[in-house]
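Let's take a walk through a protein model together. Have a look at the picture below, and then we will go through it piece by piece.

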Amino acid sequence: MLQNTMVICVLGRYLLKSSLCSRSWCRKSSLYSAGHGFQPEEIREKLRAFPGGAVDLLTQGETGLAVLTVNNPSRMNAFSGAMMVELEERVSQLESWTQGKGLIVRGAAGTFCSGSDLNAVRAISNPQDGMKMCMFMQDALTRLQRLPLVSVALVEGRALGGGSELSTACDFRLMTPDSVIQFVHKHMGLVPGWGGAARLVRLVGDRHALRLLGGALKVDPELGLRIGLADGVLEEGAPQDGDEGAALRQAEEWLSRYTKGPAEVIRAAKRVVSSGRELPLTEALRAEKEVFGTVWGGEANLRALAGKTKHK
Ligand SMILES: CCCC(=O)SCCNC(=O)CCNC(=O)[C@H](O)C(C)(C)COP(=O)(O)OP(=O)(O)OC[C@H]1O[C@@H](n2cnc3c(N)ncnc32)[C@H](O)[C@@H]1OP(=O)(O)O
């Protein structure tokens with residue numbers, strides 16, 4: 001009897017712990033802690049010493065779509081230190097945006113992003129600062145990828161170095177006809193450090209990833225589609241017409257097919273995909289059970305059950 005009670009207590013504690021783990025995983029979890037030497041405030045202060053550019057966020061209440069713009073056109077949208085801090089702030093804002101369904105990540109003035117600002121890189125080229133920047137950006141981009149929003153990188157012009165890594169933190173990549181994604185890290189004597197290698201392997205497989213990193217290959221839309229890095233190519237000519245918003249409008253339309261419907265359902269779909277993508281099967285199944293519980297018997301579910309549903 002006593003033994004049975006103890007088993008139930010231990011099991012109860014285990015279930016509570018695992019359900020708390022997967023619940024907090026679904027919401028927000030940092031990759032690194034103080035135990036890893038991760039002191040975010042100290043890193044933010046260091047990064048803010050390299051100003052320039054901005055990361056702009058526009059949220060649209062009616063559509064549930066947000067547009068995140070990497071904005072530093074005089075440096076081909078390279079990330080200054082201050083922009084890295086702003087990126088993290090924007091991700092925090094999006095984590096709190098409970099009505100959101102979709103996110104477009106793009107660069108200003110017709111090009112995506114040329115990676116980290118080489119002036120800042122030169123100034124923090126010592127190993128300690130490099131590790132801090134690496135942890136900070138891995139954390140920010142992992143949180144971006146885990147947002148309960150269907151995200152797409154709109155790649156116009158070039159996505160180079162850290163810019164190519166940023167594109168992999170989105171669920172999808174849309175390329176304009178003349179655009180290029182290139183992991184130029186090898187030419188800089190580097191490998192990706194913003195999580196781009198780990199994500200690339202999951203996206204295109206280890207052999208293609210090794211080709212892209214080892215050869216610093218230029219991925220045009222045709223190659224991107226062939227290896228599964230790109231999910232679509234926007235129409236010929238649209239961005240060159242002097243109409244800067246044309247590519248963005250096409251991306252919004254492309255994304256809307258995946259974001260139509262109630263926010264709680266779209267967000268739940270992204271959550272189960274995120275947990276399936278990242279967690280071992282047993283944990284992913286538990287996370288899925290929890291997310292399922294948020295929509296089962298919910299408003300959209302009851303509405304669908306009340307109607308005469310036919311999926312033709
Ligand atoms: C873990 C992260 C690792 C990284 O991200 S390392 C950084 C990787 N990125 C790079 O090395 C990009 C180097 N830049 C380039 O290759 C070329 O500038 C690029 C982007 C192909 C554009 O070429 P062009 O169209 O000929 O234009 P351009 O060279 O005259 O550039 C216009 C202005 O932008 C600047 N720029 C471009 N990328 C930059 C960067 N990453 N950091 C700092 N400044 C950057 C470039 O220096 C130039 O400025 P300025 O007009 O000479 O004052």
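## Around the ligand

Start at the ligand, where a backbone N or O atom of Ser 74 sits 3.2 Å from a ligand oxygen atom. Keep in mind as you read that this is a predicted model. Ser 114 also takes part through its backbone: one of its N or O atoms there lies 2.9 Å from a nitrogen atom of the ligand. How much of the ligand's own accessible area does the protein cover? On its own the ligand has 960 Å² of accessible area, and the protein covers 59% of that.

Now widen your view to the shell around the ligand. It holds 18 residues, and those that come nearest are Ser 74, Ser 114, Ser 116, Leu 118 and Gly 162. Sorted by class, the shell has 7 nonpolar, 7 polar and 4 charged residues. Two elements to find in your picture are β5 (158-160) and α6 (162-168), as each supplies at least two residues of this shell.

Strands of a sheet pair through backbone hydrogen bonds, either parallel or antiparallel. Here, β5 belongs to an open sheet of 3 strands in the order β5-β7-β8, with mixed pairing. Which strands stand at the edges? They are β5 and β8 (218-219); each has a single partner strand, so one side of each is left without a neighbour in the sheet. Look next at β7 (residues 180-182), which runs antiparallel to β8 and is joined to it by 2 bridges. Across this pair, Gln 182 stands opposite Lys 218 in β8.

Let's finish with a residue in a loop. Glu 236 is found between β9 (232-233) and α10 (246-259). Is Glu 236 buried or exposed? Its relative accessible area is 69%, and because exposed means over 50%, Glu 236 counts as exposed. Thr 176 is 60 residues away from Glu 236 in sequence, yet in space the two are 7.6 Å apart, C-alpha to C-alpha.

Key:
Residues are numbered from 1 along each chain as its sequence is written. This is a predicted model: local features need pLDDT of at least 70, side-chain atom pairs count only at pLDDT 80 or more; totals for chains, interfaces and linings use all residues. Side-chain values use heavy atoms; hydrogens and water are left out. Helices (H or I, at least four residues) and strands (E, at least two) are DSSP runs, numbered from the N terminus. Buried means under 20% relative accessible area, exposed over 50%, partly exposed in between (1.4 Å probe, protein chains only). A residue is near a molecule or strand if one of its heavy atoms lies within 4 Å of it. A polar contact is a pair of N or O atoms within 3.5 Å; within protein, one must be able to donate a hydrogen and the other to accept it, and residues adjacent in sequence count only if both atoms are side-chain atoms. Accessible areas come from the Shrake-Rupley method with a 1.4 Å probe; for residues, only the protein chains shown count as cover. Ala, Val, Leu, Ile, Met, Phe, Trp, Tyr, Cys and Pro count as nonpolar, Asp, Glu, Lys and Arg as charged, and the others, Gly among them, as polar. Two strands pair if DSSP finds at least two bridges between them.
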